[in-house]
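Welcome, and thanks for taking a look at this one with us. Below is a short briefing to read alongside the sequence and the 3D view.

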Amino acid sequence: MTSLPALAAGTAAAEPLPESGGAAVEGRSPWQLAWARLRRDKVAVASFAVICLIVLLAVFAPVIAGILGHGPNTQFRTTGLSPQGIPVGPGSRFFFGTDDLGRDVFLRVIYGARISLLVGVVASGLAVGVGLLVGLAAGYFAGPVDSVLSRSMDVVLSLPYLVFAIALVSLLGPSLLITIGVIAFFSWASVGRIVRGQVISIKGKEFIEAARSVGSSHARIMFVDLLPNVLAPTIIYATMLIPLSIVFESTLSFLGIGVLPPTATWGNMLSEAIPYYRVAWWFVAFPGLALLVTTMAFNLLGDSVRDALDPRAGHFRTRAGK
């Protein structure tokens with residue numbers, strides 16, 4: 001027979017630990033796990049810091065102009081140009097030198113960031129919104145709806161976007177709103193195709209069948225059950241769509257069919273600098289460097305977001321030091 005002390009010891013061993021004796025284990029959602037991975041990713045932190053710095057410079061550009069005492073379109077014909085009419089190089093007065101009209105390149109670069117970031121974020125937001133709606137409808141309803149919407153996406157993706165963008169802007173006239181609309185129009189189809197593929201792979205799952213069996217409406221299934229499950233790839237693509245939109249806007253401005261001078265954009269600054277690249281390297285270098293750093297920061301952040309949201313991305317462990 002088992003003795004009483006042994007029974008007491010067995011009972012004590014079977015009793016749960018008191019709350020003060022051990023830490024409770026809390027489950028974390030996939031979004032919390034992704035956030036934890038991102039915070040440990042040095043590339044993501046550095047890229048985010050660079051983007052925040054660019055955003056702050058763009059937001060406070062008028063304040064900086066007030067401190068410097070002149071605007072981005074102020075022309076310094078005597079101090080900003082040499083006697084031969086060549087732009088003045090970087091110095092204590094003009095940090096990034098001047099352009100062909102004697103304007104401060106530094107101020108024009110940070111004012112150009114306002115246009116590039118506005119176009120990149122707004123155009124990408126519109127493209128993602130339209131692509132989400134079209135992709136959800138095409139993937140969920142299938143049949144004729146899917147055929148019509150899928151063919152529409154195929155048509156948009158098959159268009160030579162630069163040629164059609166030039167034609168549309170030439171027809172409607174160059175402006176900031178037209179530039180945003182053109183970029184969004186040629187970007188939504190790629191988002192829609194990704195969302196459609198995700199919806200098709202998810203809509204046959206058990207939880208969708210359970211929602212149908214209890215009488216959930218199509219709208220509820222699409223926006224409550226399906227939408228949260230396609231947000232991760234959509235967010236990944238959105239972070240990579242922003243730099244593409246910035247480059248698209250700079251291309252249109254460089255060709256003279258985007259935002260027109262004297263409004264400063266990186267594209268039209270590079271266009272104006274072409275005749276001076278031999279004698280005024282700063283005129284080309286600083287707008288080009290701003291465009292390069294911004295797009296690289298968004299691309300690196302997009303890669304890190306993809307690694308954080310996709311648990312199958314093995315190369316994240318190497319980079320994050322896991």
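## A helical chain and its nonpolar patch

Helix α3 supplies the largest share of the nonpolar patch, namely three residues. Please keep in mind that this is a predicted model. The protein chain has 14 helices and zero strands, and 41% of its 322 residues count as buried. The points below start with the chain as a whole and the patch, then move to individual residues and charged pairs.

**The chain as a whole**

- Read from the N terminus, the elements run α-α-α-α-α-α-α-α-α-α-α-α-α-α.
- Taking contacts in the protein chain between residues at least 6 apart in sequence, 71% join residues at least 24 apart.
- The protein chain has an accessible surface of about 17100 Å², and carbon and sulfur atoms account for 69% of that surface.

**The nonpolar patch**

- V55, L56, V59, F60, V63 and I67 make a nonpolar surface patch of about 560 Å².
- Two or more residues of the patch come from each of α3 (42-59) and α4.
- V63 has a relative accessible area of 48%, so it is classed as partly exposed.

**A113 in helix α5**

- A113 sits in helix α5, and with 4% relative accessibility it counts as buried.
- Setting aside neighbours within four places in sequence, A113 is in contact with I54, A58 and W266.
- A113 and L57 are 56 residues apart in sequence, yet their C-alpha atoms are 8.0 Å apart in space.

- You will find D104 in the loop between α4 (61-68) and α5 (105-141).
- The cut-off for a salt bridge is 4 Å between a side-chain nitrogen of Lys or Arg and a carboxyl oxygen of Asp or Glu.
- D104 does have a polar partner: its side chain makes a polar contact of 3.0 Å with the side chain of H70.
- Beyond neighbours within four places in sequence, the contacts of D104 are L68, H70, T74, F94 and G97.

- Side chains of opposite charge can pair when their charged atoms come close.
- The whole structure holds eight salt bridges.
- One of them joins R103 and D99, with the closest N and O atoms 2.8 Å apart.
- Are these two partners buried or exposed? R103 is buried at a relative accessible area of 4%, and D99 is buried at 1%.
- E272 belongs to helix α12 (residues 266-273), and a relative accessible area of 19% makes it buried. The threshold for buried is under 20%.
- The side chains of E272 and R103 are joined by a polar contact of 3.4 Å.
- Not counting residues up to four places away in sequence, E272 touches D100, R103, R108, P261 and F283.

**D154 and its two arginine partners**

- D154 forms a salt bridge with R151, and the closest N and O atoms are 2.9 Å apart.
- D154 and R151 are three residues apart in helix α6 (residues 143-158), so about one helical turn separates them.
- R151 is partly exposed, with a relative accessible area of 48%, and D154 is partly exposed at 25% relative accessibility.
- D154 also forms a salt bridge with R193, where the closest N and O atoms are 2.2 Å apart.
- What does the pair of D154 and R193 tie together? D154 lies in helix α6 and R193 in helix α9 (residues 188-202), so the pair links parts that are 39 residues apart in sequence.
- R193 counts as partly exposed, at 44% relative accessibility.
- Elsewhere, salt bridges with shared partners join D99, R103, R108 and E272 into one network.

Definitions and conventions: Residues numbered from 1 in each chain as written. Predicted model: local features only at pLDDT ≥ 70, side-chain atom pairs only at ≥ 80, totals over all residues. Heavy atoms only, no water. Helix = DSSP H or I, 4+ residues; strand = E, 2+ residues; numbered from the N terminus. Polar contact = N/O pair within 3.5 Å; in protein donor to acceptor, adjacent residues only side chain to side chain. Contact = heavy atoms within 4.5 Å. Patch = residues over 30% accessible without salt bridge, like charges linked within 9 Å, V, L, I, M, F, W, Y side chains within 5 Å. Areas by Shrake-Rupley, 256 points an atom, 1.4 Å probe, with all protein chains shown as cover. Buried < 20%, exposed > 50% of the residue type's maximum accessible area, 1.4 Å probe, protein only.
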